[in-house]
Amino acid sequence: MSGANRDSTNDVNSEDLPHTLLPFLQSQSQNTLTRLYQRPSACLSMFRLLPPLDRQLVMNLLWLESAVPAATMGAWVTREGRKLYDVALLNLSRLHILPNPSIKLSLNGTFKASLRQAIIGGGTDGSFGTVAPKDDKHLPISIEVLDAYAVERWETILHYMVSSGTGQLPTKPSPGVLFLLQRSGLMSSVHGSALQITSAGFQFLLHSPHDQLWQLLLQYLHMAEEREMDLVEILSFLFMLSTMELGKEYSVESLSVTQKAMLEDLRDYGLIWQRRASSRRFSPTRLATTLTSLLPPLPTATSSGAGSQDQGFIVLETNYRLYAYTDNPLQTAVLNLFVTLKYRFPNLVVGSITRDSVRKALANGITADQIISYLTTHAHPQMRKNKPLIPVTVQDQIRLWELERNRLKSQEGYLYTAFASQADYEYVLKYARQLNVVLWENPAKRCFFGSLEGHSNIRGFIERRTGGQV
Amino acid sequence: MDKSSHISVVLDLSPSQWHLSSLPHNPYPLSFKSFLSQVLAFLNLHIASKHENTLAVFGAFPGKSVMLYSSSNPASDSSDSGNPNIYRPFEIVDSRVVTRIEEELELIDDKEEEAPIGLVGALTKALCYINRITHPTTSTQSTIVEDPAILPDPRILILSVSPDLSTSYIPIMNSIFSAQKLKVIIDVCKVYGPNTVFLEQAAHLTGGSYVYLERRDALLQHLVMSHLPSPALRKLMAVPTQEKIDFRAACFCHKNIIDVGFVCSVCLSIFCAPVPVCSTCRTKFPIKTLQRLNASRAPALRPVNGAAKTSAPSTPSLPSTPR
């Protein structure tokens with residue numbers, strides 16, 4: 001019924017949404033972007049972030065030497081594709097990949113040259129990272145160790161967020177991470193006390209790891225200017241990481257000063273691994289190499305939960321009971337945000353969704369849709385046989401609990417009372433109605449309530465009127 | 001719409017045809033070397049479009065067909081070349097495809113007569129490969145419930161240079177029908193030589209695009225514009241398809257492509273002349289029909305060995321289902 005329909009439309013929307021990084025890039029100056037486009041690896045990663053139609057347009061134009069009249073390219077577009085095509089052209093022109101798309105279509109020269117170079121190879125700028133020579137002293141790092149490291153780092157951050165204010169004292173992430181969390185508004189400290197998670201932070205916890213990662217990195221980019229770091233250097237390093245190979249060691253030598261400074265930050269986030277802080281080599285983790293893909297950025301089978309994270313671990317019944325096959329403290333803590341937990345076994349947590357637990361979550365700023373989408377994405381394979389996935393009763397009840405909270409709506413304004421006569425009252429009220437600012441009125445008491453915007457007008461009107469009488 | 005896709009590329013690697021193609025008297029001579037470099041750029045673009053995109057490359061050599069590369073089983077040699085100027089997956093694909101082709105070409109002995117091209121074998125292998133990746137057996141994949149939305153939509157691209165091989169009519173038609181069943185699109189790019197009837201039909205029947213390459217120096221541009229877009233994208237940006245398709249079939253008896261044929265009323269086998277007994281299903285036809293059919297045929301069409309016998313009446317304008 002309605003619940004299921006709403007879900008499907010949500011899915012469509014989330015698929016069509018452009019990548020979170022694109023609006024940020026679009027807001028950058030042409031100069032910055034052109035400098036970024038000088039690196040083949042950056043062009044390749046950017047290309048991957050584009051929506052599919054945009055990608056096809058870029059590819060169509062990539063191997064052409066001369067500009068194509070816009071009408072010629074437009075002739076290939078079908079009628080139903082027309083709208084998306086126009087959006088794609090606008091999108092590309094904002095990124096300065098396609099200057100002046102209205103008359104002639106031709107790619108930005110720098111972008112074209114770099115992307116061509118990325119596709120066919122060649123050049124000498126080493127933008128895909130220099131592999132470090134074989135290390136005789138140490139064995140090369142294994143992928144399992146890298147994965148474990150990335151998970152440990154990432155979960156430390158999330159666990160710190162989720163358990164702040166609960167009295168527990170989990171391991172603290174590094175000051176750099178704490179600062180980033182504070183700046184991004186995910187956590188805040190009230191009156192100099194310890195950091196507390198904010199409502200944005202609660203919402204953050206329910207996102208997929210991929211979204212979480214980009215949200216933090218985006219904040220990192222926003223902070224770049226304050227820290228007097230070169231945005232182009234940061235972006236190109238992130239893009240370079242995303243094209244690197246998991247399990248290989250790369251040399252620090254070819255990096256710029258800014259990029260060397262970034263190593264420390266990225267190590268804290270779990271994107272790269274280094275044997276020692278002063279090491280001359282580094283390895284990207286899965287978090288880094290999947291930046292531009294849709295693959296899960298965190299390895300499956302994080303704990304003994306038998307690969308639970310990827311496949312989902314939650315079983316939800318129509319009687320609001322919830323079974324979570326996990327022993328991961330982070331997942332338990334996240335569930336605790338909106339579930340009343342009852343029992344805990346070595347690999348199983350049992351709880352139920354109650355009005356109180358959901359209202360607690362809603363008070364923290366989490367929305368009903370976020371709860372439902374979290375349950376959907378982490379549903380156990382057994383649950384996936386159900387249609388709809390989440391029992392309709394539970395889904396609708398969660399939404400109803402949310403609506404419950406919205407019974408009261410506050411609006412600022414002014415109460416106008418003590419009118420001298422009924423005629424006065426009606427005269428002013430009529431004027432206020434014309435302005436469409438009346439929120440409430442009571443003729444018996446000769447008073448009405450007007451919104452904030454209308455106040456100066458009404459006041460002026462009353463003053464003119466009384467002034468005229470005097 | 002933005003999901004990963006799979007392309008199986010079938011390369012027609014007939015040495016004699018490539019030699020003919022590179023001769024300078026052609027309007028646009030295309031050497032094998034420049035063909036390969038453009039195809040490699042195309043393969044790279046496919047991998048570049050999306051991290052999850054997968055690829056398989058099959059080579060059709062004279063008399064045999066070989067899998068040159070597949071992303072599920074890339075090169076085993078993890079040489080630490082570490083060229084900092086190229087994206088690693090591209091390097092793997094390119095070097096792997098080139099070395100495998102070299103190896104295979106070395107193996108071809110210099111006989112005067114070139115064996116017929118193994119295009120059908122390559123096509124069948126591509127279909128088998130796609131079948132395997134789209135329907136993972138439950139035993140190997142443990143309990144993972146495959147969401148149909150995350151399975152790649154598979155396509156086959158045939159880059160053909162050899163002319164039609166009329167003996168391969170039945171296997172090609174069978175491949176087309178299994179492709180239809182697997183919902184696989186077959187794209188065809190005719191790089192050299194005359195249009196091939198069978199591949200035209202393959203593209204038409206599976207909803208793929210058929211391109212006859214006239215400007216052969218623009219191979220890459222044609223590949224990118226007409227064969228790279230995924231099926232979802234083709235709804236938004238059109239790709240070229242054939243307007244006129246040659247639907248002629250080949251007879252089962254002499255493997256000739258025929259304009260008018262005779263079809264067995266039981267098993268739908270096609271013959272170029274009326275026959276008394278169907279060679280496929282052993283059905284015997286009444287002698288009267290046979291005489292009537294033979295009488296109605298023009299004397300010029302009468303086969304030399306034409307013993308007056310019967311066959312079922314037919315007008316095969318459409319290819320039938322060989323079984």
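This report covers strands, a helix and a few side chains in chains A and B. The structure is a predicted model.

Start with strand E4 of chain B, residues 153-160. This strand is mostly covered, with 8 of its 8 residues buried. In a regular strand, side chains alternate between the two faces of the sheet. In E4(B), B:Asp153, B:Arg155, B:Leu157 and B:Leu159 point one way. B:Pro154, B:Ile156, B:Ile158 and B:Ser160 point the other way. Both sets are buried.

E4(B) pairs with strand E1 (residues 5-12) of chain B. It also pairs with strand E5 (residues 185-190) of chain B.

| Strand pair | Sense | Bridges | One bridge pair |
|---|---|---|---|
| E1(B) and E4(B) | parallel | 7 bridges | B:Ile7 and B:Arg155 |
| E4(B) and E5(B) | parallel | 6 bridges | B:Ser160 and B:Lys190 |

## The E2-E3 hairpin of chain B

Strand E3 spans residues 64-70. Together they form a hairpin with 2 residues between them. B:Gly63 sits in the turn and has a positive phi of about 80°. E3(B) is mostly covered: 5 of its 7 residues are buried.

B:Asn53 lies in the loop between helix H2 (32-49) and E2 of chain B. Is B:Asn53 buried or exposed? Its relative accessible area is 9%, under the 20% limit, so B:Asn53 counts as buried. The B:Asn53 side chain reaches the backbone nitrogen of B:Ser5 at 2.9 Å. Setting aside neighbours within four places in sequence, B:Asn53 is in contact with B:Ser4, B:Ser5 and B:His46. B:Ser5 belongs to E1(B), which covers residues 5-12.

## Helix H18 of chain A

Now to chain A. Helix H18 covers residues 355-363. Which of its residues are buried? They are A:Ser357, A:Val358, A:Ala361 and A:Leu362. Seen down the axis of H18(A), these buried residues fall within an arc of 140°, so they line one face of the helix. An α-helix has 3.6 residues a turn, so residues three or four places apart point the same way. On the other side of H18(A), A:Asp356 and A:Ala363 are exposed.

Just after H18(A), A:Gly365 takes a positive phi of about 100°.

## Aromatic pairs

The structure holds 20 aromatic pairs over all chains. One of them joins A:Tyr343 and A:Phe345. The pair is tilted, at 6.3 Å centre to centre and 40° between the planes. How exposed are the two residues? A:Tyr343 is partly exposed, with a relative accessible area of 41%. A:Phe345 is partly exposed too, at 43%. Both values lie between the 20% and 50% limits, so neither residue counts as buried or exposed.

Elsewhere in chain A, four residues form one aromatic cluster: A:Tyr416, A:Phe419, A:Tyr425 and A:Phe448.

Notes: Residues are numbered from 1 along each chain as its sequence is written. Chains are lettered from A and ligands numbered from 1 in the order in which they are written. This is a predicted model: local features need pLDDT of at least 70, side-chain atom pairs count only at pLDDT 80 or more; totals for chains, interfaces and linings use all residues. Side-chain values use heavy atoms; hydrogens and water are left out. Buried means under 20% relative accessible area, exposed over 50%, partly exposed in between (1.4 Å probe, protein chains only). Helices (H or I, at least four residues) and strands (E, at least two) are DSSP runs, numbered from the N terminus. Two strands pair if DSSP finds at least two bridges between them. A polar contact is a pair of N or O atoms within 3.5 Å; within protein, one must be able to donate a hydrogen and the other to accept it, and residues adjacent in sequence count only if both atoms are side-chain atoms. Contact means heavy atoms within 4.5 Å. Rings of Phe, Tyr and Trp (its six-membered ring) pair if their centres lie within 6.5 Å; planes under 30 degrees apart count as stacked, over 60 as edge-to-face and the rest as tilted. The arc is that of the directions from the helix axis to the C-beta atoms.
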